[in-house]
2 protein chains.
Amino acid sequence: MNITPDYLTKVSIELLQTAGVGLKEAGLVAETLVTAELRGVPTHGINLLPAVFDRIAAGQMEVPTKLKVISDEQAATHIDGGNGFGQTAAAEGMQRSIEKARSFGIGFSLIRNTNNVGLLAYYSMMAAKAGTIGICACNGAASMAPWGGAEPFFGTNPFSLAAPAGSGNPVVLDMSTTVVARGKIRRAERLKEQIPLGWALDAGGAPTKDPIAAMQGTLMPLGEYKGYGMAFFIDLICGLLSGSSYSRAVRTFHQPEGPTGVGVMTIAIDISRFMPLGNFSKLIDEHIRTIRGSVKAKGQNRIYLPGEIEAELESLNITRGVAVDAPVVKAIDDLLEKRGLSMRLKDGEVRV
Amino acid sequence: MNITPDYLTKVSIELLQTAGVGLKEAGLVAETLVTAELRGVPTHGINLLPAVFDRIAAGQMEVPTKLKVISDEQAATHIDGGNGFGQTAAAEGMQRSIEKARSFGIGFSLIRNTNNVGLLAYYSMMAAKAGTIGICACNGAASMAPWGGAEPFFGTNPFSLAAPAGSGNPVVLDMSTTVVARGKIRRAERLKEQIPLGWALDAGGAPTKDPIAAMQGTLMPLGEYKGYGMAFFIDLICGLLSGSSYSRAVRTFHQPEGPTGVGVMTIAIDISRFMPLGNFSKLIDEHIRTIRGSVKAKGQNRIYLPGEIEAELESLNITRGVAVDAPVVKAIDDLLEKRGLSMRLKDGEVRV
C-alpha cells in the first residue's frame, strides 16, 4: 500500500500526541520516521511507533522527553536524554554542535540515557543544511561479537557523515559497522525471507541464511577486525564516555526489556573556518561532476554519490507515496485503534 | 635480517641529518618509522626513506619542514605543511588538537600541503597517551574507484582512533577504507608474491591475483559503497576542505612525480570533560576484561582488543629485533653508501 508522506506524518503526530508528546516534539519524531520511509530505510521508519507505545506502556520510556544539560562549556556539551526520544536528544545534540562549530570551529555533543534515534543521516544532514560538516554515531543493543568471539557484545553501532554539496542535495554516508544492519534481518524475518550468507552467524557460530537463527546469533562485523574496531570505538565514545550503557548492557528498543541506555555523539565542523562557504560549494560541485564523469565499471552506466540513491528515492516517494509493508500497515492500524483514533493508513493511500 | 630498533632509529636519524633535517625532526620521523616496523607495519617503516631522498633530490619535498599556521583560533587550527614531512605536520596537528581539547573539550586541526604521514596510529596514540581520545585521517594517491567506477579516484584514505586503556596499552584502530592498504600490494610485488582475490581489480575492472596488475588497476573499497563513502568523506575533509589536493590530484609518495599534496585531520576529545580520567580508566579496564572473557568463536582461544596484536608485536620486536626484508636492507644500505655514511644495517643485527 502506497501512503502519502503527509498522511504518514499526520498519523505519527496524532499517535504521539495521545501519549502526551507535545506538537513540536511529535513533529520532529514524525519527520525523522517519515524521512526514513522516504529514503528507503523502513527499518527506521513508522514500524518504530508500536515499539514506542510498548515501551511507554511498560513504563520504560519517559515522554515527553525531558533533556538535562549536564555541562555545556566552550565547544563541548554533555546531555542526559532522560530516557526519552532518541530523535529529540540527537537533534538537540547536533543543534548545539552546529552552534558551537560557528563559535569554536568545531562542536561536540555527547548524549547518554536516550533511545533509538531512528535515521542517523537525519542529524548529519541537519549539520550539512547549516553549512557545516556533520558527523554522528550511536551505540545499540549487542548483536555483533568481538572479532574472534561468538557472543553478541556490540551493537551495529552506525555512524553518519554529511556535507553540503553546492547546488545539489547534501552528500551523506549512513552506515552500520556490521555487514548489514540488524533491521534488515528483522525485516527478512517479518517478510519470511532468507538472508544471504555472510550477513550473520547462528548462535553456534556457523554461517546462516535463516533470519531467525541470525537474530539468535551474531552479525558479522564489516571487514572483520575493522568493523569490530569501529564498533568498539563508537561504543567507547557514545556509551562508556558519555556515562550511558555500553556493550552488553545496551538493550534493544524493540522489546520492552528495560531502558535501552543508548548513547549518541554529534560533531559539527565549521566549513567557513577553512574556506568561504561559496568556494567550498563551487569546489564540491565540480568534484561531484568529476566523479560522475569518471570511467564506469563494466555493466554500470552511472556512478552515484554517497546518499544520492536515497535522495532520489526521497524525491520519487514524495510523489508516488511510501510503500508500506502489509504487516506494518496492520501494526499501525491496530495501534491507531488501540489509541482511540479513527484514522487508518488506507485513508492516506495514493490513488494511481 | 633482524635489526635492533635502536640501530634502525640511529640509521634513520643519521640519514635524515645528511639532508639537513635537524635532530628533533629527524628523531620524530625516525620514531614513527621504527614504531611502524615494531608494530608489524613495514609499509610505513624504513622503506619510506629511499622515497624521501628521491623526492628531495627531485626538488619535490622541502626539508627541514617549515610549517605555517594559517589560522589558530578557539578549538580549530589550520596548518600548511610546507610540502615537508607528513610526520612533522601530523604530530604538530595532533599536539595542537590535544591542547585545544584541554581548553575547549575538543580540538581539531586540518593540515594541507604535506606528505605521507607514515603510521597514522602514531598520532592517535599521542592523544591517548595525553588522556584524550584521538582521531586522525589522511588522504592519499588515487587507488580506489568510486563504487560503480573503474578508474582510480580516491586513496586508501585511512583513519585511526585511539583511547587510553587504564593499566594497559592504549586501544588503537588504524585502518584503510579499502579491503587492504596499497602498501600490502606493493610489498607483494616486491616479494614477488600473489595477492588474494577480492583485494583489487585490474585496469579492465576484473578481479586479479597479480600485484602488478592490481597496482595498475584499483583497490576494492571496504564493504563496497561503505568504503567508498568513508574514502569520499576523508578526502573531502582532509583534502578539499583543508585546501590540499584531493581525488586524482593527490600523488603517490613512492615516485617523485610532483608534490603529493596530502591533507591530514586530527581530532582530540578531552575525556575529563565527561568523566574523571580515573573513572574512565577503571571502566575501560573492566570493559577490556569482559571482552577478553566473552565466548570465543570455534577454533579461537583468545579475543584481541583493537591494536593489541600490534602492541604485543612491538614488545616482542623490541627484544628480538625487527625483521627487515632483503630488498629493504639493500635499499637502505645503498642509500647509506650514497649519502656517504659508513654504517650498514648488518651492524645492527641482533645476535641470537
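View 1. Nearest the centre lie A:Ile135, A:Phe159, A:Leu161, B:Ile135 and B:Phe159. Elements giving two or more residues to the lining include helix H8 (225–241) and strand S10 (262–270) of chain A, and S5 and S6 of chain B. The volume is about 440 Å³, and the structure holds 7 cavities of 30 Å³ or more. A cavity is a set of points on a 1 Å grid over the protein atoms alone where a 1.4 Å probe fits but cannot get out, with lining residues having an atom within 4 Å of a point; points are joined across faces, edges and corners, and the volume is the space filled by probe spheres set on them.

**View 2. Here is the open sheet of chain B, with 7 strands**. The strand order is S2-S3-S4-S10-S5-S6-S7, with mixed pairing. S2 (68–73) and S7 (168–175) of chain B each have a single partner strand, so one side of each is left without a neighbour in the sheet. S6 (residues 159–165) and S7 of chain B pair in the antiparallel sense over 6 bridges, with B:Val172 as the bridge partner of B:Ala162. Strands (E, at least two residues) and helices (H or I, at least four) are DSSP runs, numbered from the N terminus, and two strands pair if DSSP finds at least two bridges between them.

**View 3. Two helices of chain B lie across strands of that chain**. Helix H4 (residues 86–104) of chain B runs at about 160 degrees to S4(B), while helix H9 (residues 277–293) of chain B lies across S6 and S7 at about 105 degrees to S6(B). Contact means heavy atoms within 4.5 Å; axes are lines fitted to C-alpha atoms, for helices over the stretch in contact, and angles run from 0 to 180 degrees between N-to-C directions.

View 4. B:Pro64 sits in the loop between helix H3 (48–57) and S2 of chain B.

**Notes.** Residues are numbered from 1 along each chain as its sequence is written, and chains are lettered from A in the order in which they are written. In this predicted model, local features need pLDDT of at least 70, side-chain atom pairs count only at pLDDT 80 or more, and totals for chains, interfaces and linings use all residues; side-chain values use heavy atoms, leaving out hydrogens and water.

Terms used:
1 Å grid on protein atoms, 1.4 Å probe; cavity = no way out; pocket = protein on both sides within 12 Å on 5 of 7 lines; lining within 4 Å.
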